[in-house]
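Q: I am new to this structure and would like to go through it step by step. Could we begin once it is on the screen?

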Amino acid sequence: LGRRRLAVSSDDERTVMAGRLAAGLRNLQTAAMDEISTAVFKATTDDLFEPKEKHVVAVARWSCEPELQEQVASALAKRVSTCGARPVTTAKTLFLLHRVATTGEPEAVLGPSVAELRSLVERRSLPAAELAYAPYIVGLCEWDDCNLFRRPDAPACWRGMPLPAVLEGLRPLQALAEQALELALDASEVTTPAVAALRLAVAEDAFAMFLCETAGAAVLQDGLLAAPLALVNLRPGGLLEALRASNRHAEDALMLQEALGSWRGGSGPLADLPHLDSVLKEGLPWSASRARVALATTASASAAAAAVMSGSVLPPTPPAAPSDPTAASPTASPPADRPHPPSPPLSASAPPDGSPDDGGARPPLLRLAPTDVEIAVFSSRGLPGPF
């Protein structure tokens with residue numbers, strides 16, 4: 001027993017010494033770099049540790065500062081160009097791009113990096129394990145809502161969107177969710193902390209996308225019988241197709257939730273991730289806290305409905321202004337100068353006047369033969385159109 005303790009102690013000492021040596025070497029390598037380049041370098045250094053959180057957070061924060069965005073974009077693109085030779089550096093660089101995409105200002109800083117990464121993917125110039133994640137990172141960075149879907153209010157925003165906007169927004173969301181679930185459920189062995197951190201980040205994406213997808217699917221389900229038949233059965237992109245994908249992803253998300261529990265009980269880099277406990281406690285789709293809220297909401301709604309049915313409580317009726325000419329007839333149309341207010345879009349950055357925030361023209365109306373029904377197809381960043 002004494003020899004075993006001595007051996008463990010010697011291993012710990014060697015790990016500490018190796019860490020100090022690596023830190024000294026990093027300081028020498030970054031001596032001539034500016035602060036942003038230094039943070040990018042240290043967040044993606046080639047060592048057997050997961051990306052250092054303080055450097056990752058700093059880069060993501062700087063990406064939101066307009067006066068620093070050019071420097072951040074240059075430093076990230078330069079680092080991506082070095083990917084391929086070192087698997088650990090490649091995994092950490094993908095992790096850093098992912099964090100900037102989901103918490104920073106990706107449109108301002110990730111263009112050059114994504115172009116370089118796409119080129120590396122096409123040439124298959126990345127290590128095998130990291131090459132599996134790179135196409136997903138490219139697609140995520142190019143998605144309009146990549147820095148919105150993880151927000152706590154994102155599912156509520158989806159529930160407040162009209163059916164056409166939900167259907168259009170679900171197309172890229174479900175495609176990315178499919179990739180994220182597949183990567184997170186991959187049964188291949190994870191050998192480094194960097195790849196383990198990347199896989200956990202993608203698993204969190206899968207859960208957040210699934211919650212948004214579920215909220216959007218509820219909107220589709222509510223409007224299913226009122227939708228034009230051609231839109232219901234449209235292939236690809238119809239209501240039934242989106243609902244089938246949502247059900248399939250629900251099964252995969254449940255499998256992933258069960259798999260994460262086995263990560264903590266296992267061994268290797270996945271079990272050692274410090275952030276895993278936080279995900280298991282707060283980031284799971286099926287959790288005790290979410291179930292309590294759902295049950296309370298259902299119980300409250302059921303009690304209100306029972307009171308109305310029993311006659312003890314009258315259903316609320318909205319007051320009508322006496323001067324309103326539409327109040328006399330429940331079927332009268334609202335005046336032309338008083339349009340219905342639109343539901344809030346998913347993107348908090350959408351301009352209030354309804355114009356696209358990227359300056360581009362809106363896509364044309366999608367005509368569905370033979371019903372001759374016009375369906376407005378908008379991005380989730382635009383204001384909803386008529387349906």
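Q: How do the axes of helix H4 and helix H5 cross?
A: The axes of H4 (residues 69–81) and H5 (residues 87–103) cross at roughly 150° and come within 10 Å. Axes here are lines fitted to C-alpha atoms, for helices over the stretch in contact, with angles from 0 to 180 degrees between N-to-C directions. Helices (H or I, at least four residues) and strands (E, at least two) are DSSP runs, numbered from the N terminus. The model is a predicted one, in which local features need pLDDT of at least 70 and side-chain atom pairs count only at pLDDT 80 or more, while totals for chains, interfaces and linings use all residues. Residues are numbered from 1 along each chain as its sequence is written, and side-chain values use heavy atoms, leaving out hydrogens and water.

Q: Which term describes H4 relative to H5?
A: The crossing at roughly 150° makes H4 roughly antiparallel to H5. Angles under 35 degrees count as roughly parallel, over 145 as roughly antiparallel, 65 to 115 as roughly perpendicular and the rest as oblique.

Q: And is the crossing left-handed or right-handed?
A: The crossing of H4 and H5 is left-handed, meaning that the near helix is turned anticlockwise from the far one by less than a right angle; clockwise would be right-handed.

Q: Which residues meet there?
A: From H4, Leu-76, Arg-79 and Val-80 meet Thr-89, Thr-93, Leu-96, Leu-97 and Val-100 of H5, where contact means heavy atoms within 4.5 Å. These residues divide into 5 nonpolar, 2 polar and 1 charged (nonpolar: Ala, Val, Leu, Ile, Met, Phe, Trp, Tyr, Cys and Pro; charged: Asp, Glu, Lys and Arg; polar: the others, Gly among them).

Q: New topic: how many aromatic pairs are there?
A: The structure holds 2 aromatic pairs. Rings of Phe, Tyr and Trp (its six-membered ring) pair if their centres lie within 6.5 Å; planes under 30 degrees apart are stacked, over 60 edge-to-face and the rest tilted. One of the pairs joins Trp-143 and Phe-149, with centres 5.4 Å apart and planes at 45°, so this pair is tilted. Trp-143 and Phe-149 are both buried (buried means under 20% relative accessible area, exposed over 50%, partly exposed in between, with a 1.4 Å probe and protein chains only).

Q: What about Phe-210 and Trp-286?
A: Phe-210 and Trp-286 also form a tilted pair, 5.5 Å centre to centre with 35° between the planes. Phe-210 lies in helix H11 (residues 193–222) and Trp-286 in the loop between H14 and H15, so the pair ties together parts 76 residues apart in sequence. Phe-210 is buried, at 6% relative accessible area, whereas Trp-286 is partly exposed at 41%.

Q: Where is Leu-284?
A: Leu-284 is found in the loop between helix H14 (276–282) and helix H15 (288–310). Its relative accessible area is 11%, so Leu-284 is buried.

Q: Is Arg-124 buried or exposed?
A: Arg-124 is exposed, with a relative accessible area of 62%. Arg-124 sits in the loop between helix H7 (111–122) and helix H8 (128–142), and has a positive phi of about 50° although it is not a glycine.

Q: Which residues does the cis peptide bond join?
A: The cis peptide bond joins Arg-235 and Pro-236, with omega about -5°. Pro-236 is placed in the loop between helix H12 (229–232) and helix H13 (239–265).
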